[in-house]
Amino acid sequence: MTKDKREIARRPDKAPMATAWDYAPAPEARDIVKVEERYGLFIGGTFVEPASGERYTTIDPAREEPLAEVAQAGKADVDRAVRAARDAFANGWSNLRPSERAKYLFRIARLLQERSREFAVLESLNGGKPIRESRDVDIPLAAAHFFYYAGWADKLEYAFPNRKPRPVGVAGQIIPWNFPLLMLAWKIAPALAAGNTVVLKPAETTPLSALLFCDVLRQAELPPGVVNIVTGDGRTGAELVSHQGVDKIAFTGSTEVGKAIQRTLAGTGKRLTLELGGKAANIIFDDAPLDQAVEGIVNGIYFNQGHVCCAGSRLLVQESIYETVIAKLKRRMATLRVGDPLDKNTDVGAINSKQQLEKISALVQSGIDEGAQIYQPPCKLPERGYWFVPTVFTNVAQSYRIAQEEIFGPVLSVLTFRTPDEAIEKANNTPYGLSAGVWTEKGSRILAMAKGLRAGVVWANTYNRFDPASPFGGYKESGFGREGGRHGLEPYVVLEDA
Amino acid sequence: MSERLPVQKTYKLYIGGAFPRSESGRTYVAEGANAARASRKDLRDAVRIARQAGGAWWGMTAYNRGQVLYRIAEMMEKRQSELAALCTGPDEVAAAIDRVVWYAGWADKLAQVIGSANPVAGPYFNFTVPEPTGVIGILAPEPPLLGLVSRLSPVIVGGNTAVVIASEAHPLVAIELAECLATADVPPGVVNILTGLRGELSPVLASHMDVSALDLAGADGDSAELEKLGAENVKRIVHGRADAQSPYDIAAFLELKTVWHPTGM
């Protein structure tokens, strides 16, 4: 770098802080999606009334308005779904020619692409995420996932040298509320490709895209019972986990619940994969391209309201550039538009639920109480709905709860370091190990950092990238097993001697 | 009294490359000898040392790690008769030596077979590499030598370190093997072998927060309880087979790391 360039890079941002800019509203049309008044459980290829008789209301978290009544599946309902999955497994799906299985998955991928806007609007309505994100990230990736695994269905023997892969059986899958349809795709696509059948439980607060997905399955003419969707809260999940007829559990969610599931399954011989929490370090070295890095910091923590298990929630900045980075970050934060998820301008949408908002608020309060310094940009929030202003904490000690616990909200904790070794030590100083970010122009340092970081995904000079071909999953208490790529097939096959 | 009185061997533990007695001073009678009866403290020491040894072991080149494993086989070959006297016999020893050699050759091939370059839909270079899980707790199954070697070899060839609880009934061959390890350039602490009472040691191993994974190959009847204890830090649970020999047995103790970087001029 020349001296001039260096000076430019070090130049503190003198531009004035932006105050809340006004934008003309650019709302996405809501009427593309038709939400039913009430939904049953999708079992054996059709919607059935819950035997439990219980229902609950799912809402739009941005408006606190009810969207639909959905079923709270009980023990008998879960049992019915597992039996339907078992029947479908035994009577057709597992013996179907793999090339035919592939074609069903290709169909699903195509249908998702065709109906992508409908899904995007519904995802934003029910989950609170910005339409720009559900439109450009969640739904295209979900379709891509089905397309990717469709191609594996008749090529499994090439994935496992010297072994004969056969399906595990009935997979019970429990997914979170942060990427409802995408997580559904991550779970269902590899399971079906490998010849399994599925009982999937969407998250309590975001069931609607999974229920709309049932209509895609109808259009794809997927045989009844191959995919069953049971809605409900944690009680439904617990019934699914402990059901004798389930051969494999795949769970994405909190580390606490993951551990409870692992305990429940102890000694049962059931297969298990867990994709749990994270507290990722996003590490910025003094030679990093700072403006790009600041975009990466913002994308790392404020993407999807910070409701991301791999969010870059701990920012590690090299001491020499600390002031510059914080100034640039604050300036950038002031331009973030928080508000209506269906507005195409929105960067940060609604917090997914009241419960989550309370959890974020409590942890943020703990940060203030423990002595960290809080910064929030000026921000106009809608009057109704669940919102949290993008927040950054400086003066954070490693022991603070905001530096240790997963907040799962738009809250960033900033720490500093001097040497690469110190950065690695601080980054690894957590029970989690899901992801990490590294920003530096030096290639050899990137590779050395990537080796030293105990995390399943390392983003170098980028952050929060996902792809069906790219394996995703954690080290340590962030779980085990991978989703995506060739490695994502492994949880869904039993490997017999060839 | 013209015949010479033989010098008998004291069988001790193998921790951090040394052969200490149990800190508790306890022994138990096994196979006619006084085997060390490791305490919970011995086990915790072994885990701490195994964790410390991990960095250097994984930091070695794969070629080097492969040679160390091969060297173990060399040492075992020269001690065949001693080993055979303490297990089911020469056939078991031969199988155990061949198993170590087989795994030695995997060290510098794993990443190619288990890792991948991933064609993502965007301007990124993306690859996945296997890395060691960490400290692996092994309950060695019978037969006492082949079972131990079959479970230990895949663990260490991938760069992990191990804390092994030897067969309770037949512990002596494990310590005989430890002498092979100690002279095979296996860095101290990479393999730690404890003898003692399973019921006493297994729960401590399973619940230890710095043990990353468990191979319950040798668990008898208590594996549900041990798995439950292991959940506290999301341990990877493996039920290895004493006769298994495959890269999948290595992969069970590996994590997969995926690295992204943008491409562009």
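**Close-up views of a predicted two-chain model**

**View 1. The contact between chain A and chain B.** In this predicted model, the contact between the chains draws 34 residues from chain A and 27 residues from chain B. On the side of chain A that touches chain B, at least two residues each are supplied by helix H9 (255–265), helix H15 (443–452), strand S17 (457–460) and strand S18 (479–480) of chain A. Sorted by class, the residues on this side of chain A comprise 16 nonpolar, ten polar and eight charged.

**View 2. Strand pairing across the two chains.** Strand S17(A), one of the elements on the side of chain A that touches chain B, pairs in the parallel sense with strand S10 (residues 254–262) of chain B, and three bridges link the two. Within this pairing, Trp459(A) has Trp260(B) in S10(B) as its bridge partner.

**View 3. Domain 1 and domain 2 of chain A.** The domain assignment divides chain A into domain 1, which is made up of 41–276 + 476–497, and domain 2, which covers 278–460. The centres of the two domains of chain A, taken over C-alpha atoms, are separated by 30 Å, and their contact involves 20 residues from domain 1 and 26 residues from domain 2. Helix H4 (116–127) and helix H5 (131–152) of chain A are the elements that give two or more residues to the side of domain 1 that touches domain 2. That side of domain 1 of chain A consists of six nonpolar, six polar and eight charged residues.

**View 4. The largest nonpolar core and the surroundings of Leu105(A).** The largest nonpolar core contains 95 residues, and Leu105(A), Phe146(A) and Ala193(A) have the most contacts inside it. Helix H6 (residues 180–193) of chain A provides the largest share of this core, eleven residues. When neighbours within four places in sequence are left aside, the contacts of Leu105(A) are Phe146(A), Tyr149(A), Ala150(A), Ala153(A), Ala189(A), Leu192(A) and Ala193(A). In soluble globular proteins, nonpolar side chains tend to be buried together.

**View 5. The hairpin of strands S3(A) and S4(A).** Strand S3 (residues 55–60) and strand S4 (residues 65–71) of chain A run antiparallel and are joined by six bridges. Asp60(A) stands opposite Glu65(A), which belongs to S4(A). Four residues lie between the two strands of this hairpin, and in the turn Glu64(A) has a positive phi of about 55°.

Key: Residues are numbered from 1 along each chain as its sequence is written. Chains are lettered from A and ligands numbered from 1 in the order in which they are written. This is a predicted model: local features need pLDDT of at least 70, side-chain atom pairs count only at pLDDT 80 or more; totals for chains, interfaces and linings use all residues. Two strands pair if DSSP finds at least two bridges between them. Domain bounds come from an automatic or database domain assignment. Two residues are in contact if their C-beta atoms, placed from the backbone, lie within 7 Å. Ala, Val, Leu, Ile, Met, Phe, Trp, Tyr, Cys and Pro count as nonpolar, Asp, Glu, Lys and Arg as charged, and the others, Gly among them, as polar. A nonpolar core is a set of buried Ala, Val, Leu, Ile, Met, Phe, Trp, Tyr and Cys residues joined through C-beta atoms within 7 Å. A residue is buried if 20 or more other C-beta atoms lie within 10 Å of its own, exposed if 12 or fewer, and partly exposed in between; C-beta atoms are placed from the backbone.
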